[in-house]
Amino acid sequence: MWIKFDCEKGKPAVSRDIFTQPLADMDKVIQDICDILHDYHKYNGFKFNHERVEKWVNQFELKDREFFIEEFLHLLKQGIYVDEMKARELLLKSIMELGRRFKFTNLSDFLANADFVNLQDEGNSQLILLELLDDVLKNKYGFSLARCGTKSKKYVVYVDDILATGGTVFDDVSGWMKKTEKDGETNYEKIIKGDKVFIIELFCMHTWGKVNVEWRLKSKFDEKILNKLIYRAYYVIENHPSKYGQKLNFAYPDKNQPQIVADYLDELPEKRTYGMTKREYALRNPNAPTEEKFYSSRTNRKKFEDLLLMEGLKILKRVEELKPNQRPMGIINPSYQTLGLGTLFFTWRNISNTTPIVFWWNNNGWTPLFELINRG
Amino acid sequence: MSARRYLISESILFRKTKEEFGGLSNMAAGYSLFVNEVIIPTSEHLYQACRFPDYPNIQWDIINEKSPMKAKWIGRANIKLTRSDWDQNVFKIMQWALEVKLSQNWKTFSSLLLSTGDKNIVELTPQPKIWGAVKDGDYCEGFNALGRLLMYLRETYVKPNIYNHCVSPIDIPNFKFLGIPIGVICDERENTFTADSLPREFVFA
């Protein structure tokens with residue numbers, strides 16, 4: 001029986017004692033994955049079962065499957081999947097924390113001064129999360145979000161599952177800020193004066209996306225808006241390409257790639273009428289992150305990321321007409337000359353299309369792990 | 001580069017950031033910059049960070065320091081690690097930082113520069129320094145490099161209302177910020193931009 005040896009760690013590349021336990025049992029790993037992802041799209045009648053996971057992973061080359069599925073399980077165990085129960089817990093916890101932060105003695109008083117905004121189109125995550133929060137409040141306290149804002153609408157809470165590139169948050173927040181209230185003042189003016197406090201409550205936030213939101217708001221409005229919004233997230237993806245010491249807890253292939261990757265990136269600007277930027281951020285420094293805290297090892301990080309990238313590139317090669325924002329590592333701003341955002345975070349409600357396409361692409365001969373609604 | 005004498009009555013003097021033309025100072029808040037995906041509080045922070053292309057950790061400390069004066073002190077504390085060609089390129093770097101400041105704060109900074117009219121712009125310094133000028137009766141005398149760069153921006157971009165959408169980097173080796181080479185910095189509000197920047201003439205070649 002061959003045992004893989006991780007040269008970096010100087011020990012077997014498995015998380016078990018080689019003398020007492022057998023090598024990875026694929027079935028057990030798949031079952032563990034199903035247990036974690038148990039309620040994905042359950043409301044839609046979708047069933048996460050062994051067969052589905054096996055069918056998906058069998059699309060990878062035989063030599064890679066065991067590693068890939070093991071590493072994926074390792075990542076899932078780090079809290080990158082939020083099931084419905086967890087979502088309810090997080091929503092309740094967040095509003096209680098907000099109440100304490102703003103010195104309310106009870107939740108009811110905080111809610112009486114809060115405005116949970118619904119700025120997105122129907123079918124998008126915000127309304128669904130607000131409905132969930134409403135249900136949580138009814139079950140736990142016997143009152144609903146309808147009780148909000150009866151005294152004031154000072155604390156404006158924007159709830160969403162994910163801040164990825166920041167595009168949606170920027171559009172929603174800037175649109176809201178431009179609105180004028182009955183007293184003739186815009187919401188922006190009220191935020192600057194301190195008459196309103198804007199809180200962005202997220203399950204997941206990308207650090208790069210957050211900076212983008214801040215800078216775009218500053219460019220659109222004024223310097224004064226910087227650091228005025230409050231961002232809170234259960235899980236933070238440290239994906240900023242130049243900030244010091246980022247954990248890089250997402251999929252970010254390194255610079256040591258075959259020529260096809262450079263060719264792919266270099267060909268992106270073709271047929272576009274606008275300039276592309278950020279080519280320098282497309283691939284990470286092989287030495288980053290300074291300390292590996294997310295993947296099971298540095299070596300396994302590279303292997304996993306490269307598999308996502310190569311399979312993603314193979315899929316896209318089969319697509320006749322690609323949209324300008326579609327990349328192997330997920331959707332990204334069309335003017336970014338990069339491989340995609342590479343998000344590794346999932347919720348029971350839906351998968352973000354900023355995750356690598358191997359997870360959600362449902363065409364061109366590829367079966368996704370997760371089904372998508374309204375995306376792709 | 002020679003020292004100049006400026007008649008005070010024909011000049012806009014600036015020193016403290018809270019005074020009327022304080023926004024002209026590199027230390028002035030309210031004119032953040034965005035370079036390599038990072039928001040930088042002032043042009044002073046950016047200028048100081050440019051000293052240390054090989055030390056992203058020092059650059060990080062500088063830009064994370066809220067106070068521009070303290071950011072400057074961090075620069076001073078690490079002066080031995082300044083890039084070896086700093087003295088030859090210091091004016092180019094300052095000009096570039098000011099171009100970025102103007103491009104990214106066009107509405108506010110251009111109107112400030114425009115409000116100086118045709119007057120000389122002079123940074124008032126208590127001691128003779130390359131960047132400013134000292135008071136001498138009805139005059140100020142000094143190299144006033146900062147003032148001259150600001151006047152260049154006013155005449156070249158602000159008065160003719162030429163908005164520099166993209167600021168090109170300067171052509172010096174190892175021009176890096178947080179480990180990444182500094183490229184063309186563009187206003188990305190509209191996806192229709194092209195990455196072409198306006199040609200640059202260095203005030204102090």
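I count two residues as in contact if their C-beta atoms, placed from the backbone, lie within 7 Å. The model I am reading is predicted.

Leaving aside neighbours within four places in sequence, I find A:V157 in contact with A:A114, A:D115, A:F116, A:I199 and A:E201. I then checked the nonpolar cores. The largest has 87 residues, and A:V157 is among those with the most contacts inside it, along with A:Y158, A:I199, A:L202, A:F203 and A:C204. I noted a second, separate core of 52 residues, which includes B:Y6, B:L24, B:A49 and B:I58. As background, nonpolar side chains in soluble globular proteins tend to be buried together.

**Helix pairs**

I looked at two packed pairs, one in each chain. In chain A, helix α7 (residues 167-178) packs with helix α9 (residues 207-220) at an angle of about 35°, and their axes are 10 Å apart. I have this crossing of α7(A) and α9(A) as right-handed. On the α7(A) side the contact uses A:V169, A:F170, A:V173 and A:S174, and on the α9(A) side A:V213, A:R216, A:L217 and A:K220. Sorted by class, these are five nonpolar, one polar and two charged residues.

B:K101, B:L102 and B:S103 of α4(B) meet B:W106, B:F109 and B:S110 of α5(B). I sort the residues of this contact into three nonpolar, two polar and one charged.

**Between the chains**

I find 19 residues of chain A in contact with 23 residues of chain B. The chain A side has eight nonpolar, six polar and five charged residues.

**Backbone**

Most residues other than glycine have a negative phi, and most peptide bonds are trans. I list the exceptions I looked up.

- A cis peptide bond joins A:A288 and A:P289, with omega about 0°. I place A:P289 in the loop between α10 (259-267) and α11 (298-317) of chain A.
- B:N144 has a positive phi, near 50°. I place B:N144 in the loop between β7 (139-142) and α6 (145-158) of chain B. B:N144 counts as buried because it has 29 C-beta neighbours inside 10 Å.
- B:N174 has a positive phi, near 60°. I place B:N174 in the loop between β8 (166-167) and β9 (176-177) of chain B. With 10 C-beta neighbours inside 10 Å, B:N174 counts as exposed.

Technical notes. Residues are numbered from 1 along each chain as its sequence is written. Chains are lettered from A and ligands numbered from 1 in the order in which they are written. This is a predicted model: local features need pLDDT of at least 70, side-chain atom pairs count only at pLDDT 80 or more; totals for chains, interfaces and linings use all residues. Axes are lines fitted to C-alpha atoms, for helices over the stretch in contact, and angles run from 0 to 180 degrees between N-to-C directions. Helices (H or I, at least four residues) and strands (E, at least two) are DSSP runs, numbered from the N terminus. A crossing is left-handed if the near helix is turned anticlockwise from the far one by less than a right angle, and right-handed if clockwise. Ala, Val, Leu, Ile, Met, Phe, Trp, Tyr, Cys and Pro count as nonpolar, Asp, Glu, Lys and Arg as charged, and the others, Gly among them, as polar. A nonpolar core is a set of buried Ala, Val, Leu, Ile, Met, Phe, Trp, Tyr and Cys residues joined through C-beta atoms within 7 Å. A residue is buried if 20 or more other C-beta atoms lie within 10 Å of its own, exposed if 12 or fewer, and partly exposed in between; C-beta atoms are placed from the backbone.
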